[in-house]
Amino acid sequence: MGTFLVGRMDGSVLELSQEEVNHLAESLHGQLLTPTSPDFDKVRAIWNGMIDRKPGLIVRCTSATDVMQAVDFARQHQLRVSVRGGGHNIAGSALNEGGLMIDLQLMRSVRIDPQKRIARVEPGCTLADFDHEAQVFGLATPVGINSTTGIAGLTLGGGFGWLSRKYGMTIDNLLSADIVTANGQLVQASQDQHPDLFWAIRGGGGNFGIVTSFEFKLHPVGPEILSGLIVHPFQDAKKVLQFYREFAAGLPDETSVWVVLRLAPPLPFIPEEWHGKPVVVLAAFHGGDMGEGERVLEPLRRFGKPIADVIGPHPYAKWQQAFDPLLTAGARNYWKSHNFTALPDDLVNIMLDYVNQLPSSQTEIFVGQVGGQMKRVPDQETAYPHRNANFVMNVHTRWETASEDKACIQWARNFFKDSAPFATGGVYVNFLTEEETDRIQAAYGPNYARLAEVKATYDPDNLFRSNQNIIPTKEKATH
């Protein structure tokens, strides 16, 4: 009988006997994987190919009781813990080196109550899983724009997408959550129960426990919406962006237009002679009346001389998957992000200058239009505080080989630095890379101190630290 070496929170390594590991495995409805298990490498693989860490053990949970058993085991042995939902986080927080990974991928139930317009969603679900079930009833809630993203990490960081100008952030539509806290207990957090915990998980990340079920409010959406892309040649980029910012300022909440600056991918609706050349892509969405959407978007479609215009009726669930082919798993990814209230000419000039220096064919500058209902929620209503932003820019630096790392990362850092004078200083926590621990307080702004107090109440020993970590307030942690 062998032994198993597993990393502890203090940096030491614990030697677990076969008997101890067997006892944990027998307590589970799910599976316990060791480094010699056939599926070990497959299960630990995550979206960002830059991150390659090997846990000592993986618990594959199928229920809340499995999560409770795993947390109890980790706490008793003071093991280093990470939690995997969709595994899509840019920082790779699902993985830890040598410790215990609590894997939620098998927990993928979605239950829709069409009369009450409520969804109960387990943490292993992707956005595609959620959308598929809700759209059967013509319902949805605001989530992200890449359907392979996990619902758990997205929600805990805040969550925003095409519906957010109309219905707010994902967290603004969260009604309750079942959470296993660091003491191994299952609690329900809502406005009425554990309201401090409920406040904290709405943007505070995975710092406070492991959510085993989310309850969301749903809204009538689709099943068909008006959406699509308008592609302009890069030579017209400055005029297009100047027109765009004025156009975007007058849009109704049902409408959102995002901007992508990149080399044209080989999509069938883009003429072949433009493939691989820099372009400006306007991604438009209208979630209300189709005729009204046509009227609202008509000036945008009329402007300039686009290479392609493929705006039309699309199934909402399919539009949610439109960008998936550009964000497949396994490539090397590095992001940098800023929030902006405006897009002045000097910032536009910097963006265009960096598009002329793109370090790889897959790299893009993504500018998401937010505002609307997102801005009407007070900054301290949820842990996510940056409600003043009208645009969120995320620099998707993406490439294939390690030999490209230095050039791609340096390009992103330079662009981030040069565009910083125009930013609000805030940042969306889900866009932070693993190295950006110095921006965690910026991610929470005036809410950080309260988050540290809630952390001290529910996780005083910082068991859940494989994340953009909030340090528990010491004074409260001693009580």
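Reader: How do you know that the count comes to 0 disulfides?

Author: A disulfide is taken as a pair of cysteine sulfur atoms within 2.5 Å, and by this rule the count in this predicted model comes to 0. The sulfur of Cys61 lies 14 Å from the closest cysteine sulfur, that of Cys125, and is therefore too far away for a bond. Local features here need pLDDT of at least 70, side-chain atom pairs count only at pLDDT 80 or more, and totals for chains, interfaces and linings use all residues. Side-chain values use heavy atoms, leaving out hydrogens and water, and residues are numbered from 1 along each chain as its sequence is written.

Reader: Why does Cys61 count as buried?

Author: Buried means under 20% relative accessible area (exposed is over 50%, partly exposed in between, with a 1.4 Å probe and protein chains only), and Cys61 has 0% relative accessibility, so Cys61 counts as buried. Cys125, also at 0% relative accessibility, counts as buried too.

Reader: What does Ile151 touch, residues up to four places away in sequence not counted?

Author: With contact meaning heavy atoms within 4.5 Å, Ile151 touches Val121, Glu122, Pro123, Cys125, Thr126, Leu127, Phe130, Val143 and Phe216.

Reader: What makes a set of residues a nonpolar core, and which members of the largest one touch the most other members?

Author: Such a core is a set of buried Ala, Val, Leu, Ile, Met, Phe, Trp, Tyr and Cys residues joined through side-chain atoms within 4.5 Å. In the largest, which has 78 residues, Phe130, Ile151, Ile201 and Phe323 touch the most other members. A second, separate core has 44 residues, including Val296, Leu343, Met351 and Ala423.
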